[in-house]
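The sequence and structure are shown first, followed by notes grouped by topic.

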Amino acid sequence: GINIVDGMDIQADKVQAPSWLRLQKVDIDKENLPYPDNSFDSIYCGEVIEHVYDTDHLLNEIYRVLTPDGFCVITTPSLSSWINRLVLLLGFQPYQMPVSVENERAGHIKWAYMHGHRGHFRCFTHRGMKELLQIHKFKIEKLEGWDVGDLSLYVHPRVLGKSVELVDKFFALFPSLGYRLGVVISKEAR
(Lines give C-alpha, C1' and ligand atoms only; values in the text may rest on other atoms or scores of the structure.)
Protein backbone atom coordinates (compact mmCIF):
# COMPACT_ATOMS: atom_id res chain seq x y z
CA GLY A 1 0.00 0.00 0.00
CA ILE A 2 0.87 3.64 -0.23
CA ASN A 3 2.16 5.40 2.87
CA ILE A 4 0.20 8.46 3.88
CA VAL A 5 2.23 11.65 4.28
CA ASP A 6 1.06 14.51 6.48
CA GLY A 7 1.55 18.02 5.19
CA MET A 8 0.72 21.48 6.44
CA ASP A 9 0.34 24.75 4.57
CA ILE A 10 -1.30 28.08 5.24
CA GLN A 11 -3.08 27.72 1.88
CA ALA A 12 -3.91 24.01 2.07
CA ASP A 13 -7.52 24.75 1.18
CA LYS A 14 -6.34 25.98 -2.25
CA VAL A 15 -4.22 22.91 -3.09
CA GLN A 16 -5.42 19.76 -4.80
CA ALA A 17 -3.47 17.16 -2.85
CA PRO A 18 -2.82 13.65 -4.18
CA SER A 19 -4.50 10.78 -2.33
CA TRP A 20 -1.31 9.90 -0.43
CA LEU A 21 -1.02 13.41 1.08
CA ARG A 22 -3.12 14.32 4.11
CA LEU A 23 -2.88 18.11 3.89
CA GLN A 24 -4.04 20.40 6.70
CA LYS A 25 -4.37 24.15 6.81
CA VAL A 26 -2.09 25.55 9.53
CA ASP A 27 -0.86 29.09 10.12
CA ILE A 28 2.36 28.28 11.98
CA ASP A 29 2.73 31.91 13.06
CA LYS A 30 -0.52 31.62 15.05
CA GLU A 31 -1.13 27.91 15.63
CA ASN A 32 0.62 24.86 16.97
CA LEU A 33 1.05 21.86 14.72
CA PRO A 34 -2.03 19.62 15.15
CA TYR A 35 -0.07 16.58 16.39
CA PRO A 36 0.95 15.18 19.76
CA ASP A 37 4.54 15.32 21.00
CA ASN A 38 7.02 12.92 19.35
CA SER A 39 4.77 12.18 16.35
CA PHE A 40 7.24 12.18 13.44
CA ASP A 41 10.44 10.31 12.63
CA SER A 42 11.19 12.72 9.80
CA ILE A 43 10.12 16.24 8.88
CA TYR A 44 10.84 18.15 5.70
CA CYS A 45 10.61 21.95 5.94
CA GLY A 46 11.69 22.96 2.44
CA GLU A 47 11.70 26.62 1.41
CA VAL A 48 9.31 27.48 4.26
CA ILE A 49 11.23 29.03 7.14
CA GLU A 50 11.95 32.23 5.19
CA HIS A 51 8.17 32.79 4.82
CA VAL A 52 7.46 32.45 8.55
CA TYR A 53 7.36 35.51 10.75
CA ASP A 54 7.79 33.63 14.04
CA THR A 55 10.66 31.25 13.30
CA ASP A 56 11.07 30.50 17.00
CA HIS A 57 7.54 29.10 17.18
CA LEU A 58 8.13 27.02 14.04
CA LEU A 59 11.34 25.53 15.47
CA ASN A 60 9.73 24.91 18.86
CA GLU A 61 6.92 23.02 17.14
CA ILE A 62 9.32 20.99 15.01
CA TYR A 63 11.22 20.05 18.15
CA ARG A 64 8.00 19.12 19.95
CA VAL A 65 6.60 16.79 17.25
CA LEU A 66 9.94 15.21 16.26
CA THR A 67 10.69 11.84 17.87
CA PRO A 68 13.85 11.59 20.01
CA ASP A 69 15.67 9.67 17.25
CA GLY A 70 14.02 11.55 14.35
CA PHE A 71 15.48 14.13 12.00
CA CYS A 72 14.34 17.24 10.17
CA VAL A 73 15.60 18.68 6.88
CA ILE A 74 15.32 22.45 6.41
CA THR A 75 16.19 24.27 3.19
CA THR A 76 16.18 28.01 2.61
CA PRO A 77 17.86 30.62 0.40
CA SER A 78 21.13 31.98 1.76
CA LEU A 79 21.48 35.72 2.23
CA SER A 80 25.27 35.36 2.27
CA SER A 81 25.46 33.54 -1.06
CA TRP A 82 28.13 34.50 -3.56
CA ILE A 83 25.56 36.10 -5.87
CA ASN A 84 24.09 38.24 -3.09
CA ARG A 85 27.56 39.38 -2.03
CA LEU A 86 28.22 40.41 -5.62
CA VAL A 87 24.93 42.27 -6.16
CA LEU A 88 25.28 44.05 -2.80
CA LEU A 89 28.79 45.13 -3.78
CA LEU A 90 27.27 46.61 -6.94
CA GLY A 91 24.54 48.37 -4.92
CA PHE A 92 21.60 46.11 -5.79
CA GLN A 93 19.04 44.41 -3.56
CA PRO A 94 19.89 40.80 -2.55
CA TYR A 95 17.80 38.28 -4.47
CA GLN A 96 15.92 36.79 -1.55
CA MET A 97 14.85 40.10 -0.04
CA PRO A 98 12.18 41.97 -1.99
CA VAL A 99 11.48 45.49 -0.77
CA SER A 100 7.80 45.31 -1.67
CA VAL A 101 5.06 42.75 -2.26
CA GLU A 102 3.66 44.58 -5.29
CA ASN A 103 7.01 45.72 -6.69
CA GLU A 104 9.17 42.66 -6.20
CA ARG A 105 11.81 43.78 -8.72
CA ALA A 106 12.52 47.16 -7.13
CA GLY A 107 16.22 47.52 -6.41
CA HIS A 108 17.19 44.31 -8.22
CA ILE A 109 19.23 43.83 -11.38
CA LYS A 110 16.40 43.84 -13.92
CA TRP A 111 18.01 41.72 -16.64
CA ALA A 112 19.03 38.93 -14.25
CA TYR A 113 16.06 38.92 -11.92
CA MET A 114 15.19 35.75 -10.01
CA HIS A 115 11.44 35.32 -9.52
CA GLY A 116 9.60 33.84 -6.57
CA HIS A 117 10.77 35.62 -3.44
CA ARG A 118 7.54 37.29 -2.40
CA GLY A 119 6.59 36.83 1.20
CA HIS A 120 10.10 36.36 2.57
CA PHE A 121 10.11 37.64 6.14
CA ARG A 122 13.40 36.08 7.21
CA CYS A 123 16.68 35.60 5.44
CA PHE A 124 19.43 33.38 6.76
CA THR A 125 23.17 33.27 6.56
CA HIS A 126 25.04 30.07 7.34
CA ARG A 127 26.00 31.46 10.75
CA GLY A 128 22.52 32.80 11.51
CA MET A 129 20.91 29.44 10.75
CA LYS A 130 23.50 27.56 12.83
CA GLU A 131 23.14 29.83 15.86
CA LEU A 132 19.32 29.84 15.77
CA LEU A 133 19.20 26.04 15.61
CA GLN A 134 21.67 25.79 18.51
CA ILE A 135 19.57 28.21 20.59
CA HIS A 136 16.62 25.87 20.02
CA LYS A 137 18.74 22.91 21.23
CA PHE A 138 18.88 21.08 17.91
CA LYS A 139 21.86 18.94 17.08
CA ILE A 140 23.13 19.92 13.64
CA GLU A 141 23.90 16.72 11.77
CA LYS A 142 24.82 18.50 8.53
CA LEU A 143 24.72 22.12 7.38
CA GLU A 144 25.86 22.85 3.87
CA GLY A 145 25.53 25.24 0.98
CA TRP A 146 23.62 24.15 -2.10
CA ASP A 147 23.66 25.52 -5.60
CA VAL A 148 20.43 26.89 -6.99
CA GLY A 149 20.07 23.91 -9.32
CA ASP A 150 19.02 24.70 -12.85
CA LEU A 151 19.35 28.48 -12.99
CA SER A 152 17.22 28.57 -16.13
CA LEU A 153 14.25 28.16 -13.78
CA TYR A 154 15.15 31.42 -12.04
CA VAL A 155 17.14 33.78 -14.24
CA HIS A 156 15.04 35.58 -16.87
CA PRO A 157 16.15 36.05 -19.54
CA ARG A 158 18.90 33.46 -19.44
CA VAL A 159 21.67 35.87 -20.34
CA LEU A 160 24.52 34.26 -18.46
CA GLY A 161 23.79 30.60 -19.14
CA LYS A 162 25.85 27.60 -18.07
CA SER A 163 28.84 29.67 -16.92
CA VAL A 164 26.82 30.98 -13.94
CA GLU A 165 25.63 27.47 -13.13
CA LEU A 166 29.24 26.26 -12.98
CA VAL A 167 30.26 29.19 -10.76
CA ASP A 168 27.24 28.47 -8.55
CA LYS A 169 28.18 24.80 -8.20
CA PHE A 170 31.73 25.79 -7.24
CA PHE A 171 30.67 28.27 -4.56
CA ALA A 172 28.16 25.77 -3.13
CA LEU A 173 31.22 23.78 -1.99
CA PHE A 174 31.67 26.51 0.64
CA PRO A 175 28.64 26.42 2.99
CA SER A 176 28.43 30.17 3.58
CA LEU A 177 28.60 30.99 -0.15
CA GLY A 178 26.02 28.55 -1.58
CA TYR A 179 22.80 29.98 -3.02
CA ARG A 180 20.75 27.82 -0.64
CA LEU A 181 21.31 26.34 2.80
CA GLY A 182 20.45 22.73 3.53
CA VAL A 183 20.48 21.50 7.11
CA VAL A 184 19.72 18.18 8.78
CA ILE A 185 18.92 18.45 12.47
CA SER A 186 17.95 16.11 15.29
CA LYS A 187 16.89 16.57 18.89
CA GLU A 188 19.19 17.14 21.80
CA ALA A 189 17.89 16.70 25.33
CA ARG A 190 16.49 19.98 26.62
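Leaving aside residues up to four places away in sequence, Ile62 is in contact with Leu33, Ile43, Cys45, Cys72 and Phe138. The model is a predicted one.

**Nonpolar cores**

- The largest nonpolar core contains 26 residues, and those that touch the most other members are Leu59, Ile62, Ile74, Met129 and Leu133.
- At least two residues of this core come from each of the following elements: S3, H1, strand S4 (66-77), helix H3 (126-135), strand S6 (138-146) and strand S8 (180-187).
- H1 provides the largest share of this core, with 5 residues.
- Another core, of 9 residues, lies apart from the largest one; Ile83, Ile109, Leu177 and Tyr179 are among its members.

**Largest pocket**

- The volume of the largest pocket is about 990 Å³.
- The lining of this pocket comprises 27 residues, of which Gly7, Met8, Asp9, Tyr44 and Val48 are the closest to the pocket centre.
- By residue class, the lining consists of 16 nonpolar, 5 polar and 6 charged residues.
- Strand S1 (5-9), strand S3 (40-46) and helix H1 (55-65) each contribute at least two residues to the lining.
- S3 makes the greatest contribution to the lining of the largest pocket, with 7 residues.

**Elements named under both topics**

Methods
Residues are numbered from 1 along each chain as its sequence is written. This is a predicted model: local features need pLDDT of at least 70, side-chain atom pairs count only at pLDDT 80 or more; totals for chains, interfaces and linings use all residues. Side-chain values use heavy atoms; hydrogens and water are left out. On a 1 Å grid over the protein atoms alone, a cavity is a set of points where a 1.4 Å probe fits but cannot get out, and a pocket is an open set with protein on both sides within 12 Å along at least five of seven lines; lining residues have an atom within 4 Å of a point. Grid points are joined across faces, edges and corners, and a volume is the space filled by probe spheres set on the points. Helices (H or I, at least four residues) and strands (E, at least two) are DSSP runs, numbered from the N terminus. Ala, Val, Leu, Ile, Met, Phe, Trp, Tyr, Cys and Pro count as nonpolar, Asp, Glu, Lys and Arg as charged, and the others, Gly among them, as polar. A nonpolar core is a set of buried Ala, Val, Leu, Ile, Met, Phe, Trp, Tyr and Cys residues joined through side-chain atoms within 4.5 Å. Buried means under 20% relative accessible area, exposed over 50%, partly exposed in between (1.4 Å probe, protein chains only). Contact means heavy atoms within 4.5 Å.
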